[in-house]
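Dear colleague,

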Amino acid sequence: MEQQGLPPRAAALELLGRYTEKPGLLKHALAVEAALRAYARRLGEDEEAWGLVGLLHDFDYERWPSREDHPYRGAEILAAAGYPEWFRRAILSHADYTGVVRVSLLEKTLFACDELCGFLVACALVTPGRSLAEVEVASVRKKLKSKSFAASVSREDIARGAEELGLDLDPHIALVLEALRGASRELGLA
């Protein structure tokens, strides 16, 4: 284990790949990783640590998607692998139904970025070039009002996430969008 009791990114990627095969879920992990790294840079936090939380927050979801199992199974696996309590707590806090109240800035940021990343990817997929470069904050705001667009994404969670961070929604969208543009090749949305 390295910094803050965490393994290198390569080991986290291996763990992710062991439990997640679907390309969409793998790309979601990479998107949330990119968003958390961007916030860590902006806030002067540990970019590597925050990125790994984003990378692994849903690693158990494909295998155990039910509320009874996710993210609890993942937290158990991470504990057995030696990931520290603060890391597991952040992952548990991203799902309201766990009852783990978001307290730390990391926990609030993970929650704020999770649903928004999925929504921004959906926005990119409907552009002519299927590219994040074609997505603008104004168009994201417009699509958020359309309940039929990316219907499975919780608009309430997106709004509450920005609120918990003490941000207006537009700058939050802009920061996450810019982070995803930086990872657009990995996400297949260049």
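**Aromatic contacts in the predicted model**

A search of the whole structure, which is a predicted model, finds five aromatic pairs. One of them joins tyrosine 19 and phenylalanine 59: the ring centres are 5.4 Å apart and the planes stand at 80 degrees, so this pair is edge-to-face. Distant parts of the chain are linked by this pair, as tyrosine 19 belongs to helix α1 (residues 9–19) and phenylalanine 59 to the loop between α3 (47–56) and α4 (72–80), 40 residues apart. Tyrosine 19 has a relative accessible area of 14% and is therefore buried; phenylalanine 59, with a relative accessible area of 1%, is buried as well.

Phenylalanine 119 and phenylalanine 149 form another edge-to-face pair, with 5.5 Å from centre to centre and 85 degrees between the planes. Here too the pair links distant parts of the chain: phenylalanine 119 lies in helix α6 (residues 105–125), whereas phenylalanine 149 lies in the loop between α7 (137–145) and α8 (155–164), 30 residues apart. Phenylalanine 119 counts as buried because its relative accessibility is 0%, and phenylalanine 149 counts as buried at 17%.

Beyond the individual pairs, Tyr19, Phe59 and Trp64 are linked into a cluster by ring pairs.

**Charges over rings**

The ring of phenylalanine 149 also has the charged end of lysine 143 sitting over it, 5.8 Å from the ring centre.

Yours sincerely

Methods
Residues numbered from 1 in each chain as written. Predicted model: local features only at pLDDT ≥ 70, side-chain atom pairs only at ≥ 80, totals over all residues. Heavy atoms only, no water. Phe/Tyr/Trp six-rings, centres within 6.5 Å; stacked < 30°, edge-to-face > 60°. Helix = DSSP H or I, 4+ residues; strand = E, 2+ residues; numbered from the N terminus. Buried < 20%, exposed > 50% of the residue type's maximum accessible area, 1.4 Å probe, protein only. Lys NZ or Arg CZ within 6 Å of the ring centre and 35° of its normal.
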